[in-house]
Amino acid sequence: MKTPQPFFPRTPTTFQGRFPNITTCEIRIEQDRYGNHSRDGKSTIDVYTEKRTLPAQVTCVNRQCNRGGLALEWYLDPIKKDEPYYYQGEFFCNGDEGTPAGRKKGDSCDNQFLVEVRANDPSSYKYQRDTEGL
Ligand SMILES: [Zn+2]
């Protein structure tokens, strides 16, 4: 079953600093879980723990993929200020393996993104082990 990614509502031009709803966050994006597109056969994992380093778009690791990637902004929008937030979901990439200009549409990209978002609740964070309290 293919789960489409949600519609991306607007362009991410002013992405940085746009999230007054987020005080702290921890975001983990795992893609290519079976290592189909990596050299070492391992999945690709990115963990973002600082708001200012968050990318608007997470690039798809499939080198043949065009028009793909994950629109991270969409997943951060529902967070409410000062409220603990947790979200997890898995999505297929929206890209395809056609030509870059899109004249020819190829097979759809088989890459999947596993998205974990935690925000405004440092006690729930799992991936920043070297920070305070440990
Ligand atoms: Zn892709």
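Visitor: Let me start with a detail: in which loop does R67 lie?

Guide: R67 lies in the loop between β3, which covers 57–58, and β4, which covers 70–71. Please keep in mind throughout that this is a predicted model. R67 has a positive phi of about 60° although it is not a glycine.

Visitor: And is R67 buried or exposed, or something in between?

Guide: R67 counts as partly exposed, because it has 14 C-beta neighbours inside 10 Å, and a residue needs 20 or more to be buried.

Visitor: What about D82, where is that and what is its phi?

Guide: D82 lies in the loop between α1 and β5, and its phi is near 60°, which is a positive value in a residue other than glycine. D82 counts as exposed, because it has 9 C-beta neighbours inside 10 Å and the limit for that class is 12 or fewer.

Visitor: Stepping back, how many helices and strands are there in the protein?

Guide: The protein has one helix and six strands, and along the sequence they follow the pattern β-β-β-β-α-β-β.

Visitor: Which strands make up the open sheet, and in what order?

Guide: The open sheet has four strands in the order β2-β1-β6-β5, and their pairing is antiparallel. At its edges stand β2 (44–48) and β5 (85–92), each with a single partner strand, so one side of each is left without a neighbour in the sheet. Neighbouring strands of this sheet are turned by 10° against each other on average, with direction ignored.

Visitor: How many bridges does β6 share with β5 and with β1?

Guide: With β5, strand β6 (residues 112–119) pairs over eight bridges, and with β1 over seven bridges, in the antiparallel sense in each case.

Visitor: Which residues stand opposite F113?

Guide: F113 in β6 has Q31 standing opposite, and F113 is also the bridge partner of F91. Elsewhere in β6, R118 is the bridge partner of Y86.

Visitor: Changing topic, how many residues are in the largest nonpolar core, and which have the most contacts inside it?

Guide: The largest nonpolar core has 17 residues, and those with the most contacts inside it are C60, L72, Y75, L76, C93 and V117. The elements that give two or more residues to this core are β1 (25–31), α1 and β6, and β6 gives the most, with four residues.

Visitor: How much of the protein counts as buried?

Guide: Of its 134 residues, 19% count as buried. As for contacts with a separation of 6 or more, residues 24 or more positions apart account for 65% of them.

Visitor: And what does the pLDDT average?

Guide: The protein averages a pLDDT of 86, and 84% of the residues score at least 70. Among the elements, helix α1 (residues 72–76) has the lowest mean pLDDT, at 90, while β6 has the highest, at 97.

Definitions and conventions:
Residues numbered from 1 in each chain as written. Predicted model: local features only at pLDDT ≥ 70, side-chain atom pairs only at ≥ 80, totals over all residues. Pairing = 2+ DSSP bridges. Axes fitted to C-alpha atoms, helices over the stretch in contact; angles between N-to-C directions. pLDDT = per-residue confidence, 0-100. Core = buried A, V, L, I, M, F, W, Y, C linked by C-beta atoms within 7 Å. Contact = placed C-beta atoms within 7 Å.
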